[in-house]
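Biologist: I would like a close look at a single part of this model, taken step by step.

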Amino acid sequence: MLIKQVIEVFDILDSSTVDGNAVKVYLESVNPNANVEVYPLVGPKGSTDMVKVRIPGTRGKSSGGDAPTIGILGRLGGIGARPEMIGFVSDGDGALAALAVAAKLLDMQRKGDYLDGDVFVSTQICPHAPTAPHKPVPFMGSPVEMSQVNREEVSPELDAILTVDTTKGNRVINTRGFAISNTVKKGWILPVSETLLDIMQRTTGQLPWVFPLSMQDITPYGNDVYHLNSILQPCTATDAPCVGVAITTETPVPGCATGASHFADVEEASRFMLEVAKSFGRGEVSFYDPAEYDRLQKLYGSMAHLQTLGRE
């Protein structure tokens, strides 16, 4: 259970003065050996604090091992939209979920439980982000460009990525809880991972929910086409397979809405990602079928051009 971590992280993030250093202090209080990096990222509309947490595994690359590394990326525009909105906004759930996983993993290590592979957790902390028009409900904007965040969060060390984001401002995911996406790799929308569905069923005790992707959703922001939201933006900046973990609602909810975070849903998504990280380091989770992916490449060629802004 990650309820304790979700509550503690929420209490820190629900502040008009929170910054990345406050998160670092909290994580180091959970485990004094925590490897937490915090620094400002400056964009066209202000700045945000990047937070990166590296959690080594017993057979991880950081110690010369061969276990694969998973990235858990908390995607968002901001955790607050002050002064327009007062309090923690729905859009902040991605950061909340990712940091809850980091806190739980650090607590596990303090108690003697280590995963096989390394885990990289990253998100951003901005309590004063702008809002942006979007249909059917307004989006949260961001003080920095999406491409900037991608460059900071996505690195060659990652063998697979879970990208968690509030995904409530739509009419195509109609359930409370969370849903996962197809695997996306270098412009290809691949089949949904059966092993991820297994873990989702096991952790929720319910049938799994999968949300629909369009080709537009896996192209970079800035090309002036519709995107469901930013949940799959990391796939535009990496060769690693990416899966979106969407925290969802039955009805459209604006990303800038306050009082719209549901602890049970965030905890459930966080617990799912924790279990995926455990199994991925042991080689028990496959995000995609490499042989079939290679055949697709041979038959139809590369789709990597979808990771770019296109011909313009």
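How much space lies in the largest pocket, and which residues line the pocket nearest its centre?

Modeller: In this predicted model, the largest pocket holds about 910 Å³ of space. Its lining is made up of 44 residues, and those that lie nearest the centre are Phe 139, Met 140, Gly 141, Met 146 and Tyr 221. By residue class, the lining of the largest pocket divides into 19 nonpolar, 19 polar and six charged residues. Turning to the elements behind that lining, at least two residues are supplied by each of strand S5 (131-132), strand S6 (139-140), H4 and strand S7 (160-166), with the largest share, three residues, coming from H4.

Helix H4 spans residues 146-153 and includes Asn 150, a residue that is buried, with a relative accessible area of 5%. The side chain of Asn 150 makes a polar contact of 3.5 Å with that of Thr 236, and, leaving aside residues up to four places away in sequence, Asn 150 also touches Arg 75, Gln 233, Pro 234 and Ala 237.

As for the cysteines, Cys 235 is buried, with a relative accessible area of 1%, and its sulfur lies 5.6 Å from the closest cysteine sulfur, that of Cys 242, which is too far for a bond. A search of the whole structure likewise finds zero disulfides; Cys 126, for its part, is in none, since the nearest cysteine sulfur, in Cys 256, is 14 Å away. Cys 126 is also buried, with a relative accessible area of 4%.

Methods. Residues numbered from 1 in each chain as written. Predicted model: local features only at pLDDT ≥ 70, side-chain atom pairs only at ≥ 80, totals over all residues. Heavy atoms only, no water. Helix = DSSP H or I, 4+ residues; strand = E, 2+ residues; numbered from the N terminus. Buried < 20%, exposed > 50% of the residue type's maximum accessible area, 1.4 Å probe, protein only. Polar contact = N/O pair within 3.5 Å; in protein donor to acceptor, adjacent residues only side chain to side chain. Contact = heavy atoms within 4.5 Å. Disulfide = S-S within 2.5 Å. 1 Å grid on protein atoms, 1.4 Å probe; cavity = no way out; pocket = protein on both sides within 12 Å on 5 of 7 lines; lining within 4 Å. Points joined across faces, edges and corners; volume = space filled by probe spheres on them. Nonpolar A, V, L, I, M, F, W, Y, C, P; charged D, E, K, R; others polar.
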